Structure formats: structure tokens, C-alpha cells
Amino acid sequence: MFFCIILLSLAVTLAQQQQKEINAVVDFSDDTFAESVPVKPHFVMFYAPWCGHCKRLSPTWDDLGNKYNIDEAEVVVGKVDCTQHTALCSSQDVTGYPTLKLFAKGVQSGIKYRGPRDLASLEKFIADQLGTDVEEGEEASVPEAVTGLVEHTDTTFKASVVRGRHFIKFYAPWCGHCQTLAPAWKALAHSFEHDKSVSIGKLDCTQYQSICTQYEVKGYPTLLWIVDGKKVEKYAGDRSHDDLKKFAVTMMGKEDQEGGQKEQRDEPQPPVVVLTSENFENAIEKGTSMVKFFAPWCGHCKRMAPAYDELGRKFVGHDKVKIAKVDCTQEVNRQLCNEQNVDGFPTLFLYKNGAKVREYNGDRSLDDMVNFISRNLEHDEL
């Protein structure tokens with residue numbers, strides 16, 4: 001009997017230990033969040049229990065908590081249920097789930113994580129933000145090409161394309177057009193296998209979505225000519241081996257004639273940048289952005305369109321100003337327009353470094369809109 005009691009006690013202790021490991025992620029409320037964040041760096045997932053992406057991330061987030069939520073660790077891994085603590089999530093500008101933010105010690109507004117959601121990438125982000133030394137041998141290396149074709153990953157892409165010319169296929173494995181293109185793309189890579197002046201590569205957007213978002217990939221396959229890390233041109237021609245090769249040779253010849261590099265500013269730019277829910281955050285995160293939220297059927301929108309296009313042309317090439325628009329009737333943008341509190345068309349908002357600062361309510365003439373933007377730029381410089 002005594003032996004059975006001991007076994008039962010050990011089983012309970014083991015179960016408690018296992019439960020403790022499973023629940024290693026700290027569940028924050030408004031009060032505990034405010035108390036804990038000033039003391040130590042925190043990496044926090046803001047989520048909703050019904051969110052599918054949150055459910056898929058949950059096991060990895062638990063693994064992260066099990067690894068870091070120990071006494072000597074440099075960061076606390078936590079989570080906030082936004083259906084229970086709406087005020088806290090609102091104060092952190094949470095507009096989608098899951099939102100992952102790392103808070104430095106004593107800082108109430110965190111740095112948003114936008115990368116892949118695997119354990120290694122999350123750990124690397126923590127190390128990068130906290131300035132922790134990366135262990136020897138962990139540094140990303142450029143992947144080896146197989147018969148000329150470089151298969152990129154999230155950790156090696158930046159190191160690979162930062163220098164030189166690259167022709168990259170952004171694809172999804174399930175995409176029929178991508179599967180049809182695959183033999184020609186492989187043949188193209190083989191054609192340039194021994195040419196060190198260009199690299200032919202591919203990247204799976206279902207695995208490395210953050211990179212595809214950064215390069216504004218909106219459909220599959222997307223074929224981009226990239227020079228020194230910058231998108232120079234999107235290929236829109238026939239997808240035969242000969243046409244692809246002709247394009248690559250033409251691009252290299254054009255760059256050689258221009259002194260080895262075709263600068264991005266030489267490309268024709270649309271006067272008004274078209275934004276969607278997929279690229280909105282990235283587009284407005286730096287500088288000043290004027291965004292028009294509109295509906296194609298709206299009479300007021302149609303009447304102001306020429307002046308707004310002229311406003312775009314006025315600021316083309318300006319390194320601190322972006323003129324953009326969002327079509328709120330498109331299914332993909334409806335949630336974005338709701339989140340931005342668009343309640344009529346057209347609605348014009350001014351954003352600075354990702355934050356909405358004010359609504360434009362002035363006259364919809366070119367001069368008034370230019371003056372409005374100029375005044376806000378001058379205010380920044382004071």
C-alpha cells in the first residue's frame with residue numbers, strides 16, 4: 001500500500017512538471033503585463049483563441065516558452081488573449097492575429113516581428129534584438145546551386161542577393177502555372193550554370209512568406225530581376241526557356257551599357273502606389289504616406305482622381321513621401337478599410353512611420369493637398 005502511494009505521488013509530480021512545461025508561456029492580463037514588461041525584455045504573442053494561424057503557431061510558441069522562461073534567460077515569452085484583454089491589445093495597435101512583439105526592458109511599445117514562424121527564426125530574432133552573440137557556425141551561408149539553380153531559404157536569401165544580379169522565381173508548390181514553368185526554369189539555370197555574372201534561383205513563398213511580402217509578390221509564379229538586393233524589373237513575357245534566356249541576356253547587356261547597374265530610379269514609377277492588405281503595413285512603415293481609401297463607383301472619388309494622380313506625379317522620386325490608394329470594394333481590402341475606420345469615400349489619411357497621424361479634410365485640389373503634405377513635412381523638420 002505504501003509503495004502504491006509513493007508511485008501515485010511520483011506520477012502526480014511528473015504530471016505537474018509536464019503541465020508546467022506545457023504552460024511555460026506566461027499568460028498576461030492588463031495588470032500583469034504592465035507590471036512585468038519594465039523588469040525584463042519580453043516576447044509576446046497577441047492572439048485570439050479562434051484564430052487558425054494562432055493555433056498553428058501555438059506549439060512552436062510553447063517550445064519557445066519552455067526554452068526561455070527559466071530564471072537565467074534573458075527574455076520572457078508570453079501571450080495575451082485579445083478577446084479577453086481588448087484594451088491592452090488596442091494600446092499595442094494589434095490589428096491582426098497573431099501579432100508578435102518584442103519589448104526591450106522598460107519599453108512599453110515593442111518591435112513587431114514579421115518573419116517566418118519557425119523556432120529557429122524566432123530565436124534568431126530574439127538574439128538580433130537583444131544583441132546576443134550568435135554561436136560559431138550559425139551564420140547564414142549562401143546555398144549551393146544544383147545544376148545552376150539556387151534554392152533560397154529565409155535565412156540565406158538576404159546574404160545571397162545582396163550583391164550581384166539575380167533572376168528569382170517566387171512560387172508555391174501547389175501552383176499549376178509554377179509546375180508548368182519548372183522544367184523551363186531548371187533549363188534556364190542550367191544555361192547559366194557556369195556564368196558567374198548572374199544567379200538563377202527560386203524561393204517557396206508558402207515557407208518564406210515574409211520575403212515574398214517584402215518583394216510585393218502577389219501571384220505565382222512571380223519572376224523578378226534583382227540587382228544588389230533591389231527589385232529592378234518584373235518579367236512579364238512568355239515562359240519558354242528561350243524567352244527567359246533572352247530576357248536575362250538583355251538585362252545583363254543593358255546594365256553593362258549603363259555602367260554595370262541599372263538603378264531603380266530609372267524605372268517608370270506609377271504616380272500613385274496601389275496598396276492592398278498584403279503590402280499596406282510594409283508600404284507605410286517608413287516616411288510620410290498619403291493614402292486615399294476609395295470605391296470605383298464613388299462619384300466624388302472619380303472627380304478627385306485626376307488631381308490625386310497629379311499629386312502622385314508631384315512626389316514621384318521624393319524619398320520621404322509616398323502617395324497611395326486602396327480600393328475598399330476589393331474583398332482582400334475590406335478588413336483593412338474597416339481597421340482603418342474608413343466610413344465614407346473618399347477618405348484620405350496621412351501616415352508617418354507606420355502610424356496614422358491625421359485625416360485630410362481640406363479642399364481636394366492639387367494645391368491644397370500639396371500644401372497639406374508640405375506643412376507636415378516642415379513640422380517634422382522643426
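User: Does Glu310 count as buried, exposed or partly exposed, and why?

Analyst: Buried means under 20% relative accessible area, exposed means over 50%, and partly exposed is in between (1.4 Å probe, protein chains only). Glu310 has 35% relative accessibility, so Glu310 counts as partly exposed. The model is predicted: local features need pLDDT of at least 70 and side-chain atom pairs count only at pLDDT 80 or more, while totals for chains, interfaces and linings use all residues. Residues are numbered from 1 along each chain as its sequence is written, and side-chain values use heavy atoms, with hydrogens and water left out.

User: Which side chain meets that of Glu310 in a salt bridge?

Analyst: A salt bridge is a side-chain nitrogen of Lys or Arg within 4 Å of a carboxyl oxygen of Asp or Glu. Here the partner is Arg313, at 3.1 Å from N to O. Arg313 is partly exposed because its relative accessibility is 47%. Helices (H or I, at least four residues) and strands (E, at least two) are DSSP runs, numbered from the N terminus. Arg313 and Glu310 are three residues apart in helix α11 (residues 299-314), and are therefore separated by about one helical turn.

User: How many salt bridges does the structure hold?

Analyst: There are five. One of them joins Lys67 and Glu123, with the closest N and O atoms 2.5 Å apart. Lys67 lies in helix α3 and Glu123 in helix α5, so this pair ties together parts that are 56 residues apart in sequence. Lys67 is partly exposed at 47% relative accessibility, whereas Glu123 is buried at 17%.

User: At what angle do α3 and α5 pack?

Analyst: Axes are lines fitted to C-alpha atoms, for helices over the stretch in contact, and angles run from 0 to 180 degrees between N-to-C directions. Helix α3 (residues 52-68) and helix α5 (residues 119-130) pack at about 45°, with axes 10 Å apart. That makes α3 oblique to α5; angles under 35 degrees count as roughly parallel, over 145 as roughly antiparallel, 65 to 115 as roughly perpendicular and the rest as oblique.

User: Which residues of α3 and α5 meet?

Analyst: Contact means heavy atoms within 4.5 Å. From α3 come Thr60, Trp61, Asp63, Leu64, Lys67 and Tyr68, and from α5 come Leu119, Leu122, Glu123 and Ile126. By class, this contact has six nonpolar, one polar and three charged residues. Ala, Val, Leu, Ile, Met, Phe, Trp, Tyr, Cys and Pro count as nonpolar, Asp, Glu, Lys and Arg as charged, and the others, Gly among them, as polar.
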